[in-house]
Amino acid sequence: MVTLKDIARLAEVSPSAVSRYLNGGSLSEEKSQRIGDAIAQTGYRPNQAAQTLRTGALKQVGVIVPKISSSSVGHVVAGVNEVMAANGYSILLATTGGEDEKELQCLNLMQDNQVSGIVLMGTTMTPMKKDAFKACRVPLVITGQNFSELCCVHHDDYGAMEALTELMIARGRQKIVYVGVDEKDAATGLARRRAAFDALRRAGLDGTYLLAPHYEVESGYQCAQQILSMYPDTDGILCATDKLAHGVMKALKEAGKKLPEDVSVCGVGDDWPDRLTTPTLTTARLYHERCGEDAASILLQMMEGKMAEQPLRQIKLGYTVMRRESL
């Protein structure tokens, strides 16, 4: 078995120089090259347990998400993993079920297990969570929400829904219903609803609001049944998420409505089912994998102490409207 001392002898450097190389310390370009060549030649792999004993930290980052069944969550995690793996880190994944208490438990557990940093997919902010985030003992980056005083990567949720609403109005729709979600979620719930009704007001339209009990297809289906019963003259339905939109379209088609001739439907997200439904779904593409990649890149800089001049990094990603058959 090749040891650190073997690498040192082959590279003609001290064992401490090899240790600095493996842990990202300062070395001359010449020494770094010789050590790198020796490692490549021998296939040496450092002992992770020994590194942990020496440095007190694993080459591992925590990723905390609400659930793993969501496609958007999967794309974010994939983005984080790609960047971290390229830099020699593995990820430790935890799910919270969207529960604030479990989110705090996961945050504390990962710190106790000596991860080097944490990426957390944000949902809601509470005073207790705000205190816990600020007191986190390792670098922390939030994705999906724009929380002040924290490093984060988030989407232009307002702009995406505003653009979709304006498209629906331009299509000539006058009786528009918005199907939203819990506004404790500042991005998916609050920002998207505000964008829709701001655009409607500018056009001189009132609009109607329905709150979906969950983010799933079944909730969209139930909301559409309410719309058909309570607002039968509806000619446009804006949905906070694509899953809700798919449930809405199913209920409308079962009721004999033609899409988009009778009713136009839009969602937000853009995933593969949107391109397979009949009609295909008009939506706004959000860049979830890029979100994970950017969050991981910020976290790496934080862990390496490279953000002294700009300790707070907040990135807002754009969107692309995907106009398809449902509008």
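Predicted model: local features only at pLDDT ≥ 70, side-chain atom pairs only at ≥ 80, totals over all residues.
Some ground rules. Residues are numbered from 1 along each chain as its sequence is written. Local features need pLDDT of at least 70, side-chain atom pairs count only at pLDDT 80 or more, totals for chains, interfaces and linings use all residues, and side-chain values use heavy atoms, without hydrogens or water.

How much space lies in the largest pocket? About 1200 Å³. A pocket here is an open set of points on a 1 Å grid over the protein atoms alone, where a 1.4 Å probe fits, with protein on both sides within 12 Å along at least five of seven lines. Lining residues have an atom within 4 Å of a point. The volume is the space filled by probe spheres set on the points.

There are 46 lining residues, and the closest to the centre are Lys67, Ser70, Ser72, Thr188 and Tyr215. Helix H5 (71-86) is among the elements that give two or more. H5 provides the largest share, 5 residues. Helices are DSSP runs of H or I, at least four residues; strands are runs of E, at least two.

Now the rings. The structure holds 3 aromatic pairs (ring centres within 6.5 Å). Tyrosine 178 and phenylalanine 197 pair edge-to-face (planes over 60 degrees apart). Their centres are 6.1 Å apart, with 75° between the planes. Tyrosine 178 sits in strand S6, phenylalanine 197 in helix H9, 19 residues apart.

Buried or exposed? Tyrosine 178 is buried (under 20% relative accessible area), at 1%. Phenylalanine 197 is buried too, at 10%. Tyr178 and Phe197 form one aromatic cluster with Tyr209.

Methods: Phe/Tyr/Trp six-rings, centres within 6.5 Å; stacked < 30°, edge-to-face > 60°. Buried < 20%, exposed > 50% of the residue type's maximum accessible area, 1.4 Å probe, protein only.
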